[in-house]
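Me: Can you walk me through the packing in this one? I'd like to start with the nonpolar residues.

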Amino acid sequence: MFQNLYLRKVAIALATFIVLGVGSAMTARADSFLIVGNSNPNATATLNITSLTNTQLSFTITNTSTSGVVGAVGFDLPGTGTYSLVSITPSNQPGNQNFSFTTNAGNVPQFNSATLDFAMVTHANNFAGSNPPKGVHAGDTSATFTISGDFTGLTQQQIADAVYVRFQALSTSPDSDVGHGGQCVNCGNQVPEPTTMLLLGTGLAGLAAKVRRYRKAAKE
């Protein structure tokens, strides 16, 4: 009787651990969004939101175009707020050190109705960019931007829907373009964190060892 009660307690603890561990793993994912030029499908980039809290946003822009650069990045977020640039990394990558922060980037070419809340631009506070162009180069190079401000209540999808990316010096026609918004390419593909899975496996192994020791002691 006592043995059955003990085993039931162990089973309940094990089930609870699995639910908590798997639940934690399932919610730990990073969504990736595809951005495509408004009129040039060869202008492409990915937006990865690496951190989103009520007071800070970190995201990585990767230029997946076959030519050109991402010369400016901006957001037209729901509501109003005051934002400031915390960092750009890696700052020593060619072009990244030329980004500057502005709260008055003007109207966005190809999207004249947009009034950006903030933008990272590479020339004279102008979202149209620099000449010669500077920025995140084509060929899977990336830059990570960290912004402070009020992001309370905003989801990753809302951030992606608000993004504008300026492509410049493309070898295809047109040679410049703006991509607006992001289509999530891995939503629902939940990627467990390695640490969570390690803890889950360690806990399961520990519980199994404890059951074996108890059964061995009961036989003796």
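Reply: Bear in mind that this is a predicted model. Its largest nonpolar core has 32 residues. Those with the most contacts inside that core are Leu47, Phe59, Ile61, Val73, Phe75, Leu77 and Phe145.

Me: Which strands and helix each supply at least two residues of this core?
Reply: The strands are E1 (32-36), E2 (44-52), E3 (56-63), E4, E9, E11 (141-148) and E12 (163-168). The helix is H2 (156-161).

Me: What does leucine 47 touch, leaving out residues up to four places away in sequence?
Reply: Leucine 47 touches Asp31, Ser32, Phe33, Ile35, Phe59, Thr60, Ile61, Ala160 and Val163.

Me: Switching to rings. How many aromatic pairs are there?
Reply: Eight. Take tyrosine 83 and phenylalanine 118: their ring centres are 4.9 Å apart and their planes are at 45 degrees, so that pair is tilted.

Me: Why does that pair tie together parts that are apart in sequence?
Reply: Because tyrosine 83 lies in the loop between strand E4 (69-75) and strand E5 (84-89), whereas phenylalanine 118 is in strand E9 (residues 118-121). The parts are 35 residues apart in sequence.

Me: Are those two buried or exposed?
Reply: Tyrosine 83 counts as buried at 5% relative accessibility, and phenylalanine 118 counts as buried at 0%.

Me: Which residues do ring pairs link into a cluster?
Reply: Phe59, Phe75, Tyr83, Phe99, Phe101, Phe118, Phe145 and Phe151.

Key. Residues are numbered from 1 along each chain as its sequence is written. This is a predicted model: local features need pLDDT of at least 70, side-chain atom pairs count only at pLDDT 80 or more; totals for chains, interfaces and linings use all residues. Side-chain values use heavy atoms; hydrogens and water are left out. Rings of Phe, Tyr and Trp (its six-membered ring) pair if their centres lie within 6.5 Å; planes under 30 degrees apart count as stacked, over 60 as edge-to-face and the rest as tilted. Helices (H or I, at least four residues) and strands (E, at least two) are DSSP runs, numbered from the N terminus. Buried means under 20% relative accessible area, exposed over 50%, partly exposed in between (1.4 Å probe, protein chains only). A nonpolar core is a set of buried Ala, Val, Leu, Ile, Met, Phe, Trp, Tyr and Cys residues joined through side-chain atoms within 4.5 Å. Contact means heavy atoms within 4.5 Å.
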